Amino acid sequence: MRAIRFRQPGGLDRLEMVDLPDPGQPGPGEVRVRVHASSLNYHDLNVVLGQMRSADGRIPMSDGAGVVEAVGAGVTEFAVGHAVVSTFFPGWLDGRPTIGDFSTVPGDGVDGFACEVVVRPAAAFTHVPRGYSHAQAGTITTAGVTAWRALVVEGRVKPGDSVLVLGTGGVSIFALQLAKAMGATVIATSSSDEKLARLKELGADEVINYRNDPEWGKTVLKLTGGRGVDHVVEVGGPGTLGQSIRAARVGANIILIGVLTGIGGDVPTALMMRKQQRLIGILVGSRRDQLDLVRALEVTKIRPVIDASFPLDRMADAFRLQQAGGHFGKIVLEF
């Protein structure tokens, strides 16, 4: 079978197409899946660039969607022909988090889905939402589940709440769509007026160009009548967290899901304490979270926003587009 491997010390020029032995038939509790799509996340980019240490020769990509070709003994949830999508933490099935590293995550601690066929435990997959293509399903594993956990599991968003989303990456777009479906008001930011217009088309109630307005936290306060938002989906980390704290109301939830601006920096802790806010760091979610998201996507008819699609052998080009930051929503691989 065809697969992509990356070589240490990492870099997009270290991605190589290889032919590997077929993984064979599934054993008890396993399924064989023909992979048809994946989607790019910043975690994947950091792995292939060598910024997150992984084994030499690792097959990248944490997200994988495809079709079940065979089931092992004891598997009752799936049958041949079912469309499935992978989970980010294959061993985290339900409940509160117990995992604090990436040792079990496909494409990082174990081989991922940049390949044509995999044989994995059945519990490492869920069904896809009805009507979803493989490419659409491939966006759920990381971006979709992260947005769902941020808003629903941790934030408990309800109609009438206000949500601030930062940027136009996969998690932020999913969060916008989910928040609007739940009856929330959404304020969204971007450095591009063109992208801001697209955010409005997706349902954002207010938009802010953070490049033109570096004190956007104050602007959010003005837009909310001085109260601040109820929830922030914080993807930037130290470079944006201060403004997010200013933008959020007393008692707000700030869900930290990314560190795009770095891994350390100053945080206005006194302001955060005075506002009695909850800062919650999350890493994607459990299989139960994904199952709940799948049902929600079927009911709400939400479809992920896909900016561009690449074949497997152009993975490096897909990552270059991601690095450039010009995309809106998700970038996918289809093969």
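This is a predicted model: local features need pLDDT of at least 70, side-chain atom pairs count only at pLDDT 80 or more; totals for chains, interfaces and linings use all residues.
Which residue in strand 11 does leucine 164 stand opposite? Valine 232.

Strand 8 covers residues 162-166. Strand 11 covers residues 229-234. The two run parallel, and 3 bridges join them. Strand 11 also pairs with strand 12, residues 248-256. That pairing is parallel too, over 5 bridges. Look at glutamate 234 there: its bridge partner in strand 12 is leucine 256.

Now, how many of the residues of strand 11 are buried? 6 of the 6. Strand 11 is therefore largely enclosed by the rest of the structure.

Strand 4 takes in residues 65-71. It pairs with strand 5 in the antiparallel sense, over 3 bridges. Glycine 66 stands opposite valine 84 of strand 5. Strand 5 pairs with strand 7 as well, antiparallel, again with 3 bridges. Here valine 85 has threonine 126 of strand 7 as its bridge partner.

Stay on strand 4 for a moment. Alanine 70 is found in it. Is alanine 70 buried or exposed? Its relative accessibility is 11%; the cut-off for buried is under 20%, so alanine 70 counts as buried. Leaving out residues up to four places away in sequence, alanine 70 touches Gln25, Pro26, Val31, Arg32 and Val80. There is also a C-alpha distance to look at. Alanine 70 and glycine 27 are 43 residues apart along the chain, and their C-alpha atoms are separated by 9.9 Å.

On to the aromatics. The count comes to 4 aromatic pairs. Take phenylalanine 88 and phenylalanine 102. Their ring centres are 6.4 Å apart and their planes meet at 85 degrees. Over 60 degrees counts as edge-to-face, so this pair is edge-to-face. Both residues sit in the loop between strand 5 and strand 6, 14 residues apart. How do the two compare in burial? Phenylalanine 88 is buried, at 2% relative accessibility. Phenylalanine 102 is partly exposed, at 22%.

A further pair is phenylalanine 89 with tryptophan 92. This one is tilted: 5.8 Å centre to centre, with 55 degrees between the planes. Phenylalanine 89 is buried, with a relative accessible area of 1%. Tryptophan 92 is buried too, at 4%.

The charged end of arginine 120 sits over the ring of phenylalanine 113, 4.9 Å from its centre. Arginine 198 lies over the face of phenylalanine 328, at 4.1 Å from the ring centre.

Keep tryptophan 92 in mind. Which residues does serine 286 touch, not counting those up to four places away in sequence? Trp92, Leu93 and Asp94. Serine 286 lies in the loop between strand 13 and helix 9. Its relative accessible area is 2%, so serine 286 is buried.

Serine 286 brings us to the start of helix 9. There, a side-chain oxygen of serine 286 reaches to within 3.4 Å of the backbone nitrogen of arginine 288.

Helix 9 itself spans residues 287-300, 14 residues in total. From first C-alpha to last it reaches 20 Å, close to the 20 Å expected at 1.5 Å a residue. Which residues of helix 9 are buried? Arg287, Asp289, Gln290, Leu291, Leu293, Val294, Ala296, Leu297 and Glu298. Keep the geometry in mind: an α-helix has 3.6 residues a turn, so residues three or four places apart point the same way.

What do those buried residues pack against? Strand 5, strand 7, helix 3 and helix 4.

One last stop. Helix 9 is followed by lysine 301. The phi of lysine 301 is positive, near 65 degrees.

Methods. Residues are numbered from 1 along each chain as its sequence is written. Side-chain values use heavy atoms; hydrogens and water are left out. Helices (H or I, at least four residues) and strands (E, at least two) are DSSP runs, numbered from the N terminus. The expected span of a helix is 1.5 Å times one less than its number of residues. Buried means under 20% relative accessible area, exposed over 50%, partly exposed in between (1.4 Å probe, protein chains only). Contact means heavy atoms within 4.5 Å. A polar contact is a pair of N or O atoms within 3.5 Å; within protein, one must be able to donate a hydrogen and the other to accept it, and residues adjacent in sequence count only if both atoms are side-chain atoms. Two strands pair if DSSP finds at least two bridges between them. Rings of Phe, Tyr and Trp (its six-membered ring) pair if their centres lie within 6.5 Å; planes under 30 degrees apart count as stacked, over 60 as edge-to-face and the rest as tilted. A charge sits over a ring if NZ of Lys or CZ of Arg is within 6 Å of the ring centre and within 35 degrees of the ring normal.
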